[in-house]
Amino acid sequence: MKILGQKLDRRFFLSLFSLFAVATFLPKRVFGKSDYRRDKNIPKQYIQNRDRPGFFIRSANPFMGVDVNSWGLSISGMVENPVALSYEDLFGFKSISQISRLKCVECWSATAKWEGFRFQELIDRVKPDLQAKYIYFQSADSYYESFTLEELVRPRVLMVLRMNGQPLSKDHGFPLRLIAPFKYGYKNVKYITSIKFTDSRKRNYWSNHGPYSVDGTIQPGIDHPLDFRKKPLRINGGEVFHPFDKRPS
Amino acid sequence: MRYFLLVVFFPVIYCVSCGKEEVEQIEIHVPQGVTVPKDMVYIPSGQFIMGHPDEGTTLRGQKVSLEAFLIDRFEVTRQQFKHFEPDYNFEPNKAQFPVSMVTFEKAREYCQWKGRRLPREAEWEKAARGTDGRKWPWRKYYEHPNNGFSGFLPEAVDRRKEWISPYGVYGMGHNVWEWTSDWYIYDGIPGADLNRFKVIRGGLSQTHTLIKFTPTYYRNRIEPTAHFNFIGFRCACPMQCQ
């Protein structure tokens with residue numbers, strides 16, 4: 001008996017068995033392991049959680065980061081004009097900058113100067129249907145987030161391309177991330193690849209993998225700002241402003 | 001004997017231990033001629049202890065005297081708010097949850113539409129803690145039962161009888177924070193912060209996944225244009241209102 005020109009005899013099955021056996025005992029890295037969420041042996045060059053002074057790095061799914069030559073931003077769903085944008089296209093939008101604090105649900109926070117464009121620019125480009133009340137983001141690292149459209153057109157929400165005067169680093173979400181300062185850090189999705197307009201709310205990564213709400217609005221409570229030696233300070237809820245932070249006028 | 005323990009004694013002990021503790025209520029005598037609407041509570045005139053000595057932005061435990069007033073027994077619900085704003089939508093199974101995402105101005109307009117007004121901060125605090133200066137509306141401290149979740153979990157405004165205030169007002173220590181009509185001021189407030197924030201009262205605070213009740217005297221502040229899922233309101237009025 002032959003399948004695809006291969007004779008199915010004892011020799012064939014023995015070789016097949018030996019290949020499986022060898023494969024079982026080979027280190028996983030031989031096959032290019034891609035999921036390090038439950039493995040502490042993450043390759044050094046991968047983006048991963050790091051407590052860097054000044055601004056901690058948090059990333060749910062360790063990965064190599066985005067190669068901008070193969071990156072594109074897809075905007076689709078319930079829109080009149082779905083588009084695919086390249087990195088260069090994003091610099092055609094009106095540039096806005098702001099200083100705002102990123103507040104992590106793990107209790108630390110840090111500030112940066114963020115530069116980018118308003119979400120309204122994308123709305124104007126794709127012309128969403130009236131029923132499209134929700135937005136679903138997907139990232140290069142398989143992360144995903146959801147928002148109401150109303151939340152994304154609030155004044156302090158920014159689609160970010162630059163941080164502290166430099167293009168976003170891989171660790172901080174190159175080439176494109178979201179900053180919504182009234183939401184916990186996990187809502188501030190990085191390495192965005194896709195934006196979808198929908199008429200129903202989807203769940204987000206951390207509500208499916210941990211005890212975190214889909215909404216992610218910063219609640220009144222306590223913050224430990226990295227720029228205040230992590231000393232506990234009360235926060236009121238919403239965007240965090242400590243006594244030493246400058247409020248937008 | 002074993003039968004008695006199994007069938008009678010242990011079940012009785014179990015039932016007693018599971019019973020929800022009731023909050024001791026202040027006896028109220030409503031003066032003749034005053035009509036208290038069904039959804040409101042009469043708070044008599046007189047002094048109460050406001051603030052706490054350890055909280056610098058409060059009145060630090062001073063005695064404050066107020067005229068009698070009425071205050072909503074419950075936070076304004078989503079269903080009630082829809083009567084005021086027909087375009088407002090909510091999930092039908094959450095009709096009795098507190099309305100949220102309302103600005104100070106929208107809350108003020110609602111109360112005005114009802115023939116009422118937002119409570120003053122002092123009124124709110126007296127309704128929450130009575131006259132004995134208690135830290136929690138229900139007096140005793142315990143941990144919030146929803147610990148282990150990072151986010152806001154509202155619930156029906158009439159759900160927690162065990163967490164009522166000594167005047168029988170619900171939701172003064174949990175559920176949404178509530179707008180009051182006062183600006184956030186205190187001795188020594190920076191000039192830039194004057195007339196910038198309204199006082200909100202009586203919600204939860206959290207650190208990571210640890211959720212805590214906030215004391216009756218704790219003042220939170222928020223810009224009046226803010227609208228968040230953790231802010232709602234209730235109304236109040238002087239002695240006579242609709």
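Reply: We'll go from the whole chains down to single residues, and keep in mind that this is a predicted model.

Me: Let's begin with the overall make-up. How many helices and strands does chain B have, and how many does chain A have?

Reply: Chain B comes to four helices and 11 strands. For chain A the tally is four helices and 14 strands.

Me: What does the radius of gyration say about chain B?

Reply: You set it against what a globule of that length would give. For chain B the value is 19 Å, close to the 18 Å from the globule rule for 242 residues, so chain B is as compact as a globular protein of that length. The C-alpha trace of chain B spans about 75 × 45 × 40 Å along its principal axes.

Me: And what percentage of the residues in chain B count as buried?

Reply: In chain B, 38% of the 242 residues are buried; in chain A, 33% of the 249 residues are. Of the chain B contacts with a separation of 6 or more, 71% are between residues 24 or more positions apart. In chain A, among contacts between residues at least 6 apart, 60% join residues at least 24 apart.

Me: Now sheets. In which order do the three strands of the open sheet in chain B stand?

Reply: With a sheet, read the strand order and the sense of pairing. Here the order is 1-4-11, and the pairing is antiparallel. Strand 1 (40–43) and strand 11 (236–237) of chain B are at the edges with a single partner strand each, so one side of each has no neighbour in the sheet.

Me: How many bridges join strand 1 to strand 4 of chain B?

Reply: Four, linking strand 1 to strand 4 (residues 69–72) of chain B. If you want a pair to click on, Tyr42(B) has Leu70(B) as its bridge partner in strand 4 of chain B. On side chains, the general idea is that they alternate between the two faces of the sheet in a regular strand.

Me: Which helix of chain B lies across those strands?

Reply: That's helix 4 (residues 121–129) of chain B, which lies across strand 1, strand 4 and strand 11 and runs at about 75° to strand 4.

Me: In what sense do strand 5 and strand 10 of chain B pair?

Reply: Strand 5 (residues 177–183) and strand 10 (residues 231–232) of chain B pair in the parallel sense, over two bridges.

Me: Which residues of helix 3 in chain B are buried?

Reply: For a helix, find the buried residues, then look down the axis. In helix 3 (residues 104–113) of chain B they are Phe104(B), Ala107(B), Tyr110(B) and Cys111(B). Viewed down the axis of helix 3 of chain B, they fall within an arc of 125°, so they line one face of the helix. Glu105(B) and Trp113(B), on the other side of helix 3, are exposed.

Me: What do the buried residues of helix 3 of chain B pack against?

Reply: They pack against helix 2 (78–84), strand 5 and strand 6 of chain B. After helix 3 of chain B comes Gly115(B), with a positive phi near 80°.

Me: How many residues does each chain bring to the contact between chain A and chain B?

Reply: Chain B brings 19 residues and chain A brings 16. Strand 7 (204–207) and strand 9 (220–222) of chain B each supply at least two residues of the side that touches chain A. By type, that side of chain B holds seven nonpolar, 11 polar and one charged.

Me: Where does Ser142(A) lie, and what is its phi?

Reply: Ser142(A) is in the loop between strand 7 (134–139) and strand 8 (144–148) of chain A. Its phi is positive, about 70°, although it is not a glycine. With 15 other C-beta atoms within 10 Å, Ser142(A) is partly exposed.

Technical notes. Residues numbered from 1 in each chain as written. Chains lettered and ligands numbered in written order. Pairing = 2+ DSSP bridges. Contact = placed C-beta atoms within 7 Å. Axes fitted to C-alpha atoms, helices over the stretch in contact; angles between N-to-C directions. Nonpolar A, V, L, I, M, F, W, Y, C, P; charged D, E, K, R; others polar. Rg over C-alpha atoms; globule rule 2.2 N^0.38 Å. Buried ≥ 20, exposed ≤ 12 C-beta atoms within 10 Å, placed from the backbone. Arc of directions from axis to C-beta.
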